[in-house]
Every structure is written in C-alpha cells, then in structure tokens.
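Here is a short briefing on a protein structure. Look at the model first, then work through the points by topic.

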Amino acid sequence: MHPKGWLFFRIMIYNDPQLAHTLQVILEFLGTFAFAISGIRHAAQKHFDWFGGYVCGFAVAIGGGTIRDSMLGVRPFWMTDIMYVLCTALALLLVILSRKWIKRLSNAWFVFDTLGLALFTIAGIQKTLALGHPFWVAIIMGCITGVAGGVIRDVLLNNVPVIFHKEIYAVASVTGGIVYWALFSLGLSLPWVVVITFLTVSIIRFVAVGYHISLPTLHAEDEKK
Amino acid sequence: MHPKGWLFFRIMIYNDPQLAHTLQVILEFLGTFAFAISGIRHAAQKHFDWFGGYVCGFAVAIGGGTIRDSMLGVRPFWMTDIMYVLCTALALLLVILSRKWIKRLSNAWFVFDTLGLALFTIAGIQKTLALGHPFWVAIIMGCITGVAGGVIRDVLLNNVPVIFHKEIYAVASVTGGIVYWALFSLGLSLPWVVVITFLTVSIIRFVAVGYHISLPTLHAEDEKK
Amino acid sequence: MHPKGWLFFRIMIYNDPQLAHTLQVILEFLGTFAFAISGIRHAAQKHFDWFGGYVCGFAVAIGGGTIRDSMLGVRPFWMTDIMYVLCTALALLLVILSRKWIKRLSNAWFVFDTLGLALFTIAGIQKTLALGHPFWVAIIMGCITGVAGGVIRDVLLNNVPVIFHKEIYAVASVTGGIVYWALFSLGLSLPWVVVITFLTVSIIRFVAVGYHISLPTLHAEDEKK
C-alpha cells in the first residue's frame, strides 16, 4: 500500500474520531448491502419469489451476527436499528428493477462483500471480547459473524454451503482473528490492530480469488489418493 | 361478513372474557394440531420413520415460536406446557392409524393451518410488544412465529422451503402485522385490533389459495425477461 | 454383564469419586472425538475442504449441546473449555493423515459414538433438571444433546438427516431418558440411575444395529399399504 494510504489511516484515526466513525458506518452499510445482494441473487437463481428473495438477503445480512448474539446471550444487533431491514429492502428493489445493472456491478459486490467480511469479523471479535470471553472464543465468533449468514442462505436454498468446498473465505476471517490476537497481545494500539486485521482479511480474500487458491479437499475413504 | 358475526364477536369479547379465552385455547390447539399434521404428512412423503415424523411435526408446531423466543431472550414457550408435546403425539398417532382419514380431511387441515397462522402471528406480535420492542420488530417476530416452523420442516426434509416460491403465506402474516400496527396507532381498542388482524391474515390466505395468487418471481440474470 | 462388572461400577462410584470423575472425562473426550470423526468422515464423502470438514466435525461435537444451552438460556458449554475445539482439530488431523487407519477403526468409532450418545443424553438431562425444568423437558433436552449435532451435520451436507429414517438412534436416547426418570422417581440413588441409564442407551443402540432393528416407516397417502 502506498505510504500516503497509511498516512491517511493515521490521520483519520488519531486526529478525527468522527471521520473514523463515519467511515465505519459507510463500510457497514456497503457490507450489509453486498451481503443482502448476495442472498437475493442466489435466491433469483432458484426462482424464489420476492418474499423468498428478501428472506435470503436478510439472512445473509444479519444471520451471522444473530447466531453470534444468540450464543453470547445478548439481543440480536439488528433488533435495535431498522437500517438492516431497510437496506435489504433497497437491495431487493434494485435486483427487481435492474438485473443487468446488478450483474454489471458484480465486481463492486465482490469488493463490498470482502470489505463486509473484514468488518464483520472485527465487529464479532470486539463484541465477544467486550463481554469478557477469551480470545479463542472471539476468533470463532468473528468467523461466525462473517460467514454464517452465507451458510444459512445456502441451507435455505437447499445448496451445499459454498464456503465448505470453494475458494478461501472463512479462512481469511480466521486468519484475521489470529492476527488481531497476535497484534493485540504484542501491545499494538487498537486502531492499528483494527486496520491491519482489516487489510489482512481483505488481502487474503482478494489474493485467493485472484489466483484461484483454495484449501485442500478431503477424500472419501474408498477413493484412490 | 354477516352483521350477526360482528355482533357475536362484540358480545363475546366485551361481555365474556372467559369465552374469549376459551376460544383462544381452542384455536391454539387446532392451529398447533394442524401445524403438526403438516410436518408429519410432509415427513411421510419422504418415508421418514415414526421418530422422524414426530420431530418434523413438532418442528412445525413449535419452531417459529422457539426462534422468536430465542431472539427475544425468553424461555421457549413450549417448555412450560406439555400440551405441544402431547398434541404432536396425537397428530402422529392419527397419521399412523388412518392415512385415508387424514387425506379426506385435507380441507380441514388447510383451514386450521390458516387459523393457526393468523393466531400465531398475533401472539408473536403481542409477546414482542410486551417486551418493549418497536413495532417493526414485532411485525417480523409475528411473521417468524407463523412461518418459520414450516421453513425448519422443509430444511429437515431437504426440500426448498415452500413459502419462498409458492402461494402467498408469509405475506398474509406481514400484512396482518401492518394492519395490527395501523389500527393500534389509530387508537382502536385491542379486541377489535386483534379480530380485524385475525380476519385480514385469514382472508388473504384463503383468497390467495382460492384464486391461485402468488408473488412475482425473481429471475436469474442470464434469463430473458 | 458379568457380576464383576457391577462390582466394579459399585466400588468405583461409591468408594472413589475421583475415579468416577476421571472416567467421565475420558468418556466425554472419546464421545466428542467420535462425534467429530463422524462429521469429518461425512464431509469427506462430499469432498468438502479442510475448513468444511472442521465445521462439520465441530457441529456434530457441540451442536446438540449448543441448541440445548440456547433453549435453556445459559452460555453454550464449549465456550468455557477449549477442549472441544482442540479435540475436533485432532480428529481432522487424523482423517487427513490416515484415511485407511480411520476406516479400519470404524468399529471403534461406532462404539465411542454410542458411548457418547449415552453420556451426552445423561449430561443433557442432568443440566436441564439442575435448572429447575420438569422431567419431560429434561428428556427432550437429553435427546437434543445426543442427536441434534448429527442433524446439523446432515443439513450442512445437504443430506436428509439420517436419524429420521435409518436405524434406531434417537429412540435409544429417549428411552434412556424415560428410564432415568422412572428410576429417579423410584428413589434409586443417583449413581445407579446414571449407570443403568447409560447401559440402557448403549445396549439399545448396540442391539438395534446388530440386529438391524429400525422404527416403522410412515407412508405417503397415495401409496398402497
């Protein structure tokens, strides 16, 4: 990354907490929107009706965080902010109005989806730590926050969950969680921990997709090696 | 509806709370029973064994309310009343003893199922409001209470959830929720709000099935419009 | 069972609580391990990647107890002990390193899996009773603890849950629960209640598999009887 980029982050975070907060809100909206779009597009492949599309979009957008909050014993995050409901409705409207436009922007959805994965991973880790759980629980919760919505989507669509046999996705989240833990343990200041974790998750995902890197596959016992 | 019908409701609710309560208990039993029957009949289509049939029936009967209660952070409703466990057992017994009889009564199950949808929607809304949540959360919870059990059934049966691509079902519940909110906001007295919401959900469902009305379908991006 | 076996149990439980605890820890590890192996082997049949295999293994190992704890409103048991995470990792490592070895030990996994079913059933019952719920809730929770993980596995693999249409499995757990309740109500001392319940669940499972006993199947309504 260009040195000016680092400078930008540094100024932003240390000198302007308002800007940092605004950036987070924008990222959260883009991530939620991309997650919802992902659910609705998959639903369209199976000819779901509008309601089915909405539910799939909403499930991707809020599913991971809801499972996390349920395990942590706190109120699901989306129940206190109508943004997630409206954001999914907006995504459904766009898919209904212009399939072509949605398709043409595929790369944008991919980028937003990745930023969402990174952001939701960090949000999951921080919420879990704030409730007093150990780091290994936080890493698992970060991963659940980022990826479980997509698993629910695939279950609702009667597909085999794509994150279990395709590109690297969940591993980017888990690696980000380990990086967060390592940097935090080394005493790095929180803004840097967050920024480096965010970049780690995003870069792993971009590189994995760009170079078609995937995890090794398990083999059935009667197969030849 | 015939004026005498309205009169009946009016007398019943204002003059005889005991009768209103009895009616609610009867409706809840019929709804639970119809939901359980629905799960067991679907399980029979896939040649599940008795235990599988029981679990599917129970899942439809209590699944939606259990997800709602889990999100609301309260004890699942069925854990304090053995009625739901016994009602499902009775439904299983009937399906085992007489398939013909069960099939001949298909229309009755459809009516009870619709009454159950209406009742469980209202129950979900009222429980959510009682816990201090805003109305938009209550409408979502009402819908979850009414329809999520059927989604769990379809997931357990490895089917695509039928409410995502067939007749109008969930939309009747959501519309009922909006009607509840509108009438409540207008200051109508609670019994009337409940009765009109109940009729709204039921009538939408009956009309949708009677006239084969369904929601528009989403299309995959490579399809022609 | 040989009289010396009973004597062994009696001495162990009454005279040496430390030994009883050690035995329980060993059984819990073996059961968790066998459950994880079951998830990973099923995932391998569908060519999941390592991450997918891990998630399936973990889901079987902790899924039932997590649903139980979520319904009981307490913190999921695995969040306070890293053993389950590590045990699943060890199982994954073994499956990756030696498919042949895993296959050759199929009988051992079957035995451990059955011991796990018995142990987790009892653990579920006791936890539910300790929280003040009635016995019928405890029996359901015992069954959920023992079998729901396998259902989650099958849902994630996009299979029809095997316990709904194959050998007797859940029924062994429920029967164990009823035996527990009956003996407890008769005033038998707790160690004996536990041991007899444990043997009941295990023996029913062993006999059912050994003699290919299964529950009757439901039939679709248009089939001939």
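Cys56(C) is buried, with a relative accessible area of 0%. Buried means under 20% relative accessible area, exposed means over 50%, and partly exposed lies in between (1.4 Å probe, protein chains only). This is a predicted model, in which local features need pLDDT of at least 70, side-chain atom pairs count only at pLDDT 80 or more, and totals for chains, interfaces and linings use all residues. Residues are numbered from 1 along each chain as its sequence is written, chains are lettered from A and ligands numbered from 1 in the order in which they are written, and side-chain values use heavy atoms, leaving out hydrogens and water.

- Cys87(A) is in no disulfide, and its nearest cysteine sulfur, in Cys56(A), is 16 Å away.
- Cys87(A) is also buried, at 2% relative accessibility.
- For Cys56(C), the closest cysteine sulfur is that of Cys143(A), 14 Å away, so it is too far for a bond.

**Helices H3 and H7 of chain C**
- Two packed helices are described by the angle between their axes and the distance between the axes.
- The axes of H3(C) (residues 50-72) and H7(C) (residues 135-156) come within 7 Å and cross at roughly 135°. Helices are DSSP runs (H or I, at least four residues), numbered from the N terminus. Axes are lines fitted to C-alpha atoms over the stretch in contact, and angles run from 0 to 180 degrees between N-to-C directions.
- H3(C) and H7(C) are therefore oblique to each other. Angles under 35 degrees count as roughly parallel, over 145 as roughly antiparallel, 65 to 115 as roughly perpendicular, and the rest as oblique.
- Residues of H3(C) that meet H7(C) include Cys56(C), Gly63(C) and Arg68(C). On the H7(C) side, Ala148(C) and Arg153(C) are among them.

**Nonpolar core**
- The largest nonpolar core has 189 residues. Such a core is a set of buried Ala, Val, Leu, Ile, Met, Phe, Trp, Tyr and Cys residues joined through side-chain atoms within 4.5 Å.
- Its largest share, 14 residues, comes from helix H7 (residues 135-156) of chain A.
- Trp78(A), Trp78(B) and Trp78(C) have the most contacts inside this core.
- Leaving aside neighbours within four places in sequence, Trp78(C) is in contact with residues including Trp136(A) and Phe58(C). Contact means heavy atoms within 4.5 Å.

**Val194(A)**
- Val194(A) lies in helix H9 (residues 190-210) of chain A.
- Val194(A) is partly exposed, at 24% relative accessible area.

Terms used. Helices (H or I, at least four residues) and strands (E, at least two) are DSSP runs, numbered from the N terminus. A disulfide is a pair of cysteine sulfur atoms within 2.5 Å.
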